[in-house]
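Hi,

Here is the structure I promised to pass on. Have a look at it first, and then read on for what turned up when I went through the helix packing and the pockets.

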Amino acid sequence: MSRPTSTEGRSDRSRGGAGARRVLTVPNVISFLRIALIPFFVVLIVDEDTTFAGLVLFGVVASTDWIDGWVARATGQVTELGKVLDPVADRLAIAAGLIALVVRGAFPLVAALFILVRDVAILLAGLVLLAKAGVRIEVRYLGKVATFCLMTAIGLISWGTLGYALAPAALACGWAFYAVGIVEYYLATALYVGDLRRAGSRAGTART
């Protein structure tokens, strides 16, 4: 189970201080690159002539969400910025891809809203808590699994809706992944709400 993590002092003791506060590390550059690619796959998706290329690029960006975290742990380049940047890159990529696919008519608006509304609420709450109290909420394993399922679902449903090869199978598998992923997503949300409340309470106690 993950717990609220204070960014004040802990990293200096456990990861060498200055190292945890670095900005230009390999995993952070990967995260920045994934964010930089977002406008490209959005433009490609909304244009009917380049939708296929955009969907493929979106799939690449979405499916590499594990790389920056893995590189950070494997190379000992875990930083406070990276812990925030990695999930933010994931949320931005999903949101941008969903909006582009909805505009293109490849993904249902209602299904997209179930993902987008939750993501915006959790992201804003986490950033506010970080800014006000210097406390960061750890990403839960259930949240990672849910994100993987939903990313897979978005790609498969869009693929099938657009009528590409094996469209019926893609749609069936896509909606199965969506059903599992959205349940996990909101279960993880309930856990995150508890984390946020405990973190806020501890931060308030520390100030008094």
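Predicted model: local features only at pLDDT ≥ 70, side-chain atom pairs only at ≥ 80, totals over all residues.

Let me start with α3 and α6. On the α3 side, the residues involved are Ile 38, Phe 41, Val 42, Ile 45 and Val 46, and they meet Leu 92, Ala 93, Ala 96, Gly 97, Ala 100, Leu 101, Val 103 and Arg 104 of α6. Sorted by class, that contact has eleven nonpolar residues, one polar and one charged. Helix α3 covers residues 38–46 and helix α6 covers residues 80–104; their axes come within 9 Å and cross at roughly 15 degrees. Angles under 35 degrees count as roughly parallel, and α3 and α6 are therefore roughly parallel to each other. Their crossing is right-handed.

α6 has another partner in helix α7 (residues 109–133), where the axes come within 10 Å and cross at roughly 155 degrees. So α6 is roughly antiparallel to α7, and the crossing here is left-handed. From α6, Val 84, Val 88, Arg 91, Ile 94, Ala 95, Leu 98, Ile 99 and Val 102 take part, meeting Leu 109, Ala 112, Ile 115, Leu 116, Asp 119, Leu 123, Leu 127 and Leu 130 in α7. That contact has 14 nonpolar residues, no polar ones and two charged.

Then there is the pair α2 and α5. The axes of helix α2 (residues 26–36) and helix α5 (residues 67–75) come within 8 Å, crossing at roughly 170 degrees, which means that α2 is roughly antiparallel to α5. Here Val 26, Pro 27, Ile 30, Ser 31 and Arg 34 of α2 meet Ile 67, Asp 68, Val 71 and Ala 72 of α5. By class, the α2 and α5 contact splits into six nonpolar, one polar and two charged residues.

How much of it lies in the largest pocket? About 1,300 Å³. The lining of the largest pocket is made up of 50 residues, and those nearest its centre are Lys 83, Asp 86, Pro 87, Val 139 and Lys 144. As for classes, 23 of the lining residues are nonpolar, 13 polar and 14 charged.

Over to you!

Methods:
Residues numbered from 1 in each chain as written. Heavy atoms only, no water. 1 Å grid on protein atoms, 1.4 Å probe; cavity = no way out; pocket = protein on both sides within 12 Å on 5 of 7 lines; lining within 4 Å. Points joined across faces, edges and corners; volume = space filled by probe spheres on them. Nonpolar A, V, L, I, M, F, W, Y, C, P; charged D, E, K, R; others polar. Axes fitted to C-alpha atoms, helices over the stretch in contact; angles between N-to-C directions. Helix = DSSP H or I, 4+ residues; strand = E, 2+ residues; numbered from the N terminus. Parallel < 35°, antiparallel > 145°, perpendicular 65-115°, else oblique. Left-handed = near helix turned anticlockwise from the far one by under 90°. Contact = heavy atoms within 4.5 Å.
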